[in-house]
Amino acid sequence: MRIDLSLLVPYLPFMLEGALLTAQVCVLALLGSLIVGALMAVARTSANSLLRRAASIYADLFRNVPFIVQLFFFYYGLPEIGIYIDAFTTGVVALSIAGGAFTSDVIRSGILAIEPGIIEAAQVSGLSKRKTFTKIVLPVALRTSVRPMGSVFINLILTSSILSTITLNELTGTAKIVASDTFKPFEVYVVLLIAYATLTYLVSLLIAALHRRLNRDLGEAVR
Amino acid sequence: MRYTEFTPFDIVLLAQGLGVSVGLFLATTVIGLLIGTLWAVVRFYRVPVLAQVITFVAELLKNSPVLVQLFLVFFGFPAFFHINLGPVEAAVITLSGNTAAFVYVIAVSAIESIGRDQIEAARAFGLTKWQVLRHIIAPQAMAFAIGPLTGLLVNQLQVTSLISVIGVMDLTKIGNILNLRTLKPFIVWAVVGVLYYLAAKLIAFAGATLERRLRAHTAWKGL
């Protein structure tokens, strides 16, 4: 019962490749879920009740169904209707859609938190509806929702480990291979656990710094 | 002979899978609540060393993917500690630990939500630390924690879907089996998704009802 980590050293480059793939997936999925989430947040705060209802059904559905079920739905289902995409693309798409549901919540509350006075001031100044939204509402909403968005992003990183179940060899997938190669599953997964925890900790530090920087002119209220 | 069509027996199969998922969810929720609360009490009493160890373990469990924790327990523990561990035991250990870590955080913030003046007043009346915890803090903390707990449990139900990866016959695994047999991914995963969705809604409803009960004493009763 002794932990000997030197055994894993030759496998480090291989696992780094997996980590790189995880990073790629996460960054792409972050962008995807930002776009999906922003669009859905706009729909959920729009004046059109049909649009509002459709968007909240989307968010409700994708937050209450396990990610692995959504993933299998896309991975096994899409070829059925003639769409052949690889595991990487499927993973990014599924993560973006699931992440978008959570992101839309965050941005929506960011939009709703804007004081009506600001919007009225913009209208009085003669800005069109569209200009008010893109120049006033969205920048403020995005800026104040950096921190909650950060926890969504960290969740995204943790969720990306599930992509190993659809044959995508990201960090968890490569660790699985190393574990069965070396017959040292305990050591491999302990290292992996600590690696993920360190990674998400660093990301959370980064987000806190970004949040402080973007909101530096808002005073103490948001710190 | 191949049964590629759906048969009435598939409904029984799905019900069995749902039963396993819900059963494991309930069992791990109870264990997780007990352990998490115990950890919070240890922190409340400021037990040296133990309190720091618990905080560290909880952070590690919160910030790493459940899938990796599952692999560590299922593949790592038997290899390292030379014990026999079935998939169900591994699933119970992992999910209980994961739930406990999140419950711990909620319980700590619930305890801290109660004003110092109340505790000081109770101590001045001669109540022991345990009596303060039992009669002053616990009832109020419970009402405070029930909201976040409901959110957590809805999430933990979805996390149970991951145990299908290590071979527990839960709802997701049954979905996998049906998918491989009938090759109708859209129908199978949609049905599985709907079942999870309904279960999640049931938990949310139960949580909201309980919260209303616990908060009844603060509700406006009229003059």
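## Two chains and their contacts

The accessible surface of chain A comes to about 11,700 Å², and carbon and sulfur atoms account for 67% of that surface. This is a predicted model.

**Chain A as a whole**

Chain A has nine helices and zero strands. Along its principal axes, the C-alpha trace spans about 70 × 50 × 25 Å. Chain A has 223 residues, and 44% of them count as buried. Now take the contacts in chain A with a separation of 6 or more. Residues 24 or more positions apart account for 76% of these.

**Where chain B touches chain A**

On the side of chain B, 37 residues are in contact with 35 residues of chain A. The area buried between the two chains is about 3,200 Å². Carbon and sulfur atoms give 79% of that buried area. In chain B, the residues that lose the most area to chain A are Phe80(B), Phe186(B) and Trp189(B). Together they make up 21% of what that side buries.

The largest share, eleven residues, comes from H3(B). By type, the touching side of chain B divides into 23 nonpolar, eleven polar and three charged residues.

**Salt bridges**

Side chains of opposite charge can pair when their charged atoms come close. Over all chains, a search of the whole structure finds nine salt bridges. The table shows some of them.

| Salt bridge | N to O distance |
|---|---|
| Arg63(A) and Asp105(A) | 2.4 Å |
| Glu59(B) and Lys62(B) | 3.4 Å |
| Glu211(B) and Arg215(B) | 3.3 Å |

Start with Arg63(A) and Asp105(A), which form a salt bridge. Arg63(A) lies in helix H2 (residues 49-64) of chain A and Asp105(A) in helix H4 (residues 87-112) of chain A, so the pair ties together parts that are 42 residues apart in sequence. Arg63(A) is partly exposed, at 24% relative accessibility. Asp105(A) is partly exposed too, at 23%.

Glu59(B) and Lys62(B) sit in helix H2 of chain B. They are three residues apart, so about one helical turn separates them. Glu59(B) counts as partly exposed, at 36% relative accessibility.

In the pair of Glu211(B) and Arg215(B), Glu211(B) is partly exposed at 25%. Arg215(B) is partly exposed at 34%. Back in chain A, salt bridges that share partners join Arg44(A), Arg63(A) and Asp105(A) into one network.

Gln156(B) belongs to helix H6 of chain B. Is Gln156(B) buried or exposed? Gln156(B) has a relative accessible area of 5%, under the 20% cut-off, so this residue counts as buried. Beyond its close sequence neighbours, up to four places away, Gln156(B) touches Phe25(B), Leu95(B), Asn98(B) and Thr99(B). Leu95(B) is 61 residues from Gln156(B) in sequence, yet their C-alpha atoms are 8.1 Å apart in space. With the side chain of Thr99(B), the side chain of Gln156(B) makes a polar contact at 3.0 Å.

Asn215(A) is in the segment after helix H9 (185-214) of chain A. Asn215(A) is buried, with a relative accessible area of 1%. Its side chain reaches the backbone oxygen of Arg143(A) at 3.4 Å.

Methods
Residues are numbered from 1 along each chain as its sequence is written. Chains are lettered from A and ligands numbered from 1 in the order in which they are written. This is a predicted model: local features need pLDDT of at least 70, side-chain atom pairs count only at pLDDT 80 or more; totals for chains, interfaces and linings use all residues. Side-chain values use heavy atoms; hydrogens and water are left out. Contact means heavy atoms within 4.5 Å. Buried area is the accessible area (1.4 Å probe) that two parts lose on being put together, summed over both. Helices (H or I, at least four residues) and strands (E, at least two) are DSSP runs, numbered from the N terminus. Ala, Val, Leu, Ile, Met, Phe, Trp, Tyr, Cys and Pro count as nonpolar, Asp, Glu, Lys and Arg as charged, and the others, Gly among them, as polar. Buried means under 20% relative accessible area, exposed over 50%, partly exposed in between (1.4 Å probe, protein chains only). Accessible areas come from the Shrake-Rupley method with a 1.4 Å probe; for residues, only the protein chains shown count as cover. A polar contact is a pair of N or O atoms within 3.5 Å; within protein, one must be able to donate a hydrogen and the other to accept it, and residues adjacent in sequence count only if both atoms are side-chain atoms. A salt bridge is a side-chain nitrogen of Lys or Arg within 4 Å of a carboxyl oxygen of Asp or Glu.
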